[in-house]
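Thanks for coming. I will walk through one structure this morning and keep it short. Please have the sequence and the model open.

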Amino acid sequence: MFEGAQKEIDELRQGEAYAPFLNDPNNFKKRFYIESYGCQMNFSDSEIVASILYNEGFGPTRNYEEADLVLLNTCSIREKAEQTVRNRLQAFRKTKDTKPGLMIGVLGCMAERLKSKFLEEEKLVDIVVGPDAYRALPDLIRETEGGQKSVNVLLSREETYADISPVRLDSNGVSAFVSIMRGCNNMCTFCVVPFTRGRERSRDAVSIIKECRDLFENGYREVTLLGQNVDSYYYTNEDGTEVTFGNLLESVALIDPLLRVRFSTSHPKDITDDVLYTMAKYKNICKYIHLPVQSGNTRILALMNRTYTREWYLHKVQRIKEIMPDCSLSTDVISGFCTETEEEHQDTLSLMDKVRYDMAYMFAYSERPGTLAARRYEDDIAEDVKKRRLTEIINLQNSHSRENYKKSIGNTYEVLIENTSKRSDEHWSGRNSQNQMVVFPKGDRNLKKGDYVEVLIKDATSATLMGDMV
Ligand code: SAH
Ligand code: SF4
Ligand code: F3S
């Protein structure tokens, strides 16, 4: 752990004020309902929003018909993501008709992208709040209660919500997301995130470590450090010490060997050997990297402004395997980016063949208004071609996932128990360090969520390993 951190954490803890009323449901004046779309950052932000609303006397409900305030935390990454949100808003229309006092708010990236246009386009929306303006929510709610519509979409260069303790929503009590930075400076040409989330900024390292330690002390056994580009994390402490992502990872790993550490997302251009060696050094830093490639062709990568070539990416993968032979990899792929030829698409397939990812998120290119690609290039690949290329990518990935999972048969893994299996009450489900899902019979051992067990793998599908405790 870097110098001074422990002292600062101890001071923070002593000054901590708990709000005992939060535990008493009768203290809530009103109810809020929140739904989140998009990436883990959005889910994590919803927990910040929940915390801000708790302090205003709003309690949560899982039934929107019962709510006084309905919130949608939205995503703009692809056109379909925005369409989903618009459809969802329609579902709330009926409730609003019968309950005129109901307030409907839109948060997140779509709020930021559309700003006050949202109020014109979707008449039933009352509040529009961008990702850096959640502290303004109580004021916006008061304005709305007074009969106004309200908007705050100011982006910030500083806001990290470092001092707000998230209220864990829908948590299994074992794994939690911890946001370590916000925004993105990368300007990949296809991507709307730099416009909806603003400039990159790193959160105070001491507050991150404190949040992780609190989680551990409350029974959590896994934290995932979140950012659009975690490897460019950089923070200068008050005493002048500098904290890189490698330093931060190490400090979190040192909290306790029983606390697993994961992170997402790594940009291939920024992940350093230093981070890889730190991962290798600590058993509790999970041997799994999500390393989005987007395309396997160097010309397309340049058009995307990813700043690496096919060869450079493959070299990075080789480096990872040298330092951590047991590290698993997943990726993101886009099919049919502007001007992509059939041969260039084949390069993506051949790169996948070389790397053999465990898992991938795969998308057809969706032009987003205002992005560099939308301004510079024509979205000239026909929808059916994008779809066909995507299907080829998905089929190939499925075969790689199946093959990798089958290879795990006969291995024994340490598994962190996360939940009872969705398919059977008699089975536990959890993951190994490589992020593979493992399901196994509970047997008569008195185990609980958050325990670690050794499991010998006996069978596998393309997404689940099945085994027995040893
Ligand atoms: N920060 C992460 C990715 C965030 S967005 C990174 O840099 O890797 C998640 C994924 O959505 C991206 O990796 C990309 O594969 C996909 N994506 C982003 N914009 C897209 C678009 N316009 N069309 C299709 N997929 C897109
Ligand atoms: Fe988007 Fe690129 Fe930033 Fe990821 S790194 S959020 S893809 S601009
Ligand atoms: Fe979507 Fe915004 Fe995340 S656009 S993917 S919710 S950063």
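Let me begin with a term: two strands pair if DSSP finds at least two bridges between them. Strands themselves are DSSP runs of E with at least two residues, while helices are runs of H or I with at least four, and both are numbered from the N terminus. This is a predicted model, so local features need pLDDT of at least 70, side-chain atom pairs count only at pLDDT 80 or more, and totals for chains, interfaces and linings use all residues. Residues are numbered from 1 along each chain as its sequence is written, chains are lettered from A and ligands numbered from 1 in the order in which they are written, and side-chain values use heavy atoms, with hydrogens and water left out.

Now the barrel. Five strands close into it in the order S17-S18-S19-S21-S20, with mixed pairing. From one strand to the next, the twist averages 55 degrees; axes here are lines fitted to C-alpha atoms, for helices over the stretch in contact, and angles run from 0 to 180 degrees between N-to-C directions. S17 and strand S20 (residues 452–460) run antiparallel and are joined by five bridges. Leu-416, for one, has Tyr-452 as its bridge partner in S20.

Stay on strand S17 (residues 412–420), which contains Glu-418. Is Glu-418 buried or exposed? Glu-418 counts as buried because its relative accessibility is 9%, where buried means under 20% relative accessible area, exposed over 50%, and partly exposed in between, using a 1.4 Å probe and protein chains only. Arg-221 is 197 residues from Glu-418 in sequence, and their C-alpha atoms are 9.2 Å apart.

Next, the domains. The chain is assigned domain 1 (5–152), domain 2 (172–286), domain 3 (290–407) and domain 4 (412–469), with bounds that come from an automatic or database domain assignment. Between the C-alpha centres of domain 1 and domain 2 there are 25 Å. In contact across that pair are 20 residues of domain 1 and 21 residues of domain 2.

Which domains supply the shell around ligand 3? Domain 1 and domain 2 each give at least three residues. Among the residues around ligand 3 are Cys-39, Cys-75, Cys-109 and Arg-197; a residue is near a molecule or strand if one of its heavy atoms lies within 4 Å of it. That shell has five nonpolar residues, three polar and one charged. Here Ala, Val, Leu, Ile, Met, Phe, Trp, Tyr, Cys and Pro count as nonpolar, Asp, Glu, Lys and Arg as charged, and the others, Gly among them, as polar. Around ligand 2 the division is seven nonpolar, three polar and one charged, and the residues there include Cys-184, Cys-188, Cys-191 and His-267. Val-193 and Gln-228 are listed around ligand 2 and also around ligand 3.

Helix H9 (residues 245–253) is largely enclosed by the rest of the structure, because seven of its nine residues are buried. Phe-245 and Leu-249 are among the buried ones. Those buried residues pack against elements including helix H8 (205–217) and helix H10 (273–281).

Last, some backbone details. Most residues other than glycine have a negative phi, and most peptide bonds are trans. Ser-264 and Thr-265 are joined by a cis peptide bond, with omega about 5 degrees. Asp-170, not a glycine, has a positive phi of about 45 degrees and is exposed, with a relative accessible area of 63%. Gln-294 also has a positive phi, near 75 degrees, but Gln-294 is buried at 7%.

Technical notes
Contact = heavy atoms within 4.5 Å.
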